Amino acid sequence: KPFGISYFPGKEVVELANKYLTLEDRKKIAEMYESEARVVDIAYRIGCHPSTIYDELRRGDTGTLDKNQRHGYDPVKGQKAAMEAIRARGNRCKKV
């Protein structure tokens, strides 16, 4: 079920999907980001909020600059970091 409505400038009002990004989504993000697409356009195509894309670009940051002089992005690194974060959500209590 959609959880919210968002306005994308130059596009239209869209209902956003409540979902986790998959590795395929991350690969699309990497491909579009490398081809100099704007974050708002990437978010529109993926069907999520632009802040999700910014968070994902931070999560998969390679620490180097790409050919466009922007921070590099690795979808596999982003997927691995996301899975580790999901696993860490579990039990926070330390067993004695």
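Which residues does Glu56 touch, not counting residues up to four places away in sequence?

## Glu56 and its contacts

Glu56 touches Leu21, Arg26, Ile29, Tyr73, Gly78 and Gln79, leaving aside residues up to four places away in sequence, where contact means heavy atoms within 4.5 Å. This is a predicted model, in which local features need pLDDT of at least 70 and side-chain atom pairs count only at pLDDT 80 or more, while totals for chains, interfaces and linings use all residues. Residues are numbered from 1 along each chain as its sequence is written, and side-chain values use heavy atoms, with hydrogens and water left out.

## Helix 3

Glu56 is placed in helix 3 (residues 50–59), helices being DSSP runs of H or I with at least four residues, and strands runs of E with at least two, numbered from the N terminus. Because its relative accessibility is 0%, Glu56 counts as buried, a term that means under 20% relative accessible area with a 1.4 Å probe and protein chains only.

Pro50, Ile53, Glu56 and Leu57 are buried in helix 3. Viewed down the axis of helix 3, its buried residues fall within an arc of 115°, so they line one face of the helix; the arc is taken from the directions from the helix axis to the C-beta atoms. These buried residues pack against helix 1 (23–34), helix 2 (39–46), strand 3 (61–65), strand 4 (71–73) and helix 4 (75–88).

## Arg70 and Tyr33

Arg70 lies over the face of Tyr33, at 3.8 Å from the ring centre; a charge sits over a ring if NZ of Lys or CZ of Arg is within 6 Å of the ring centre and within 35 degrees of the ring normal.

Conventions:
Buried means under 20% relative accessible area, exposed over 50%, partly exposed in between (1.4 Å probe, protein chains only).
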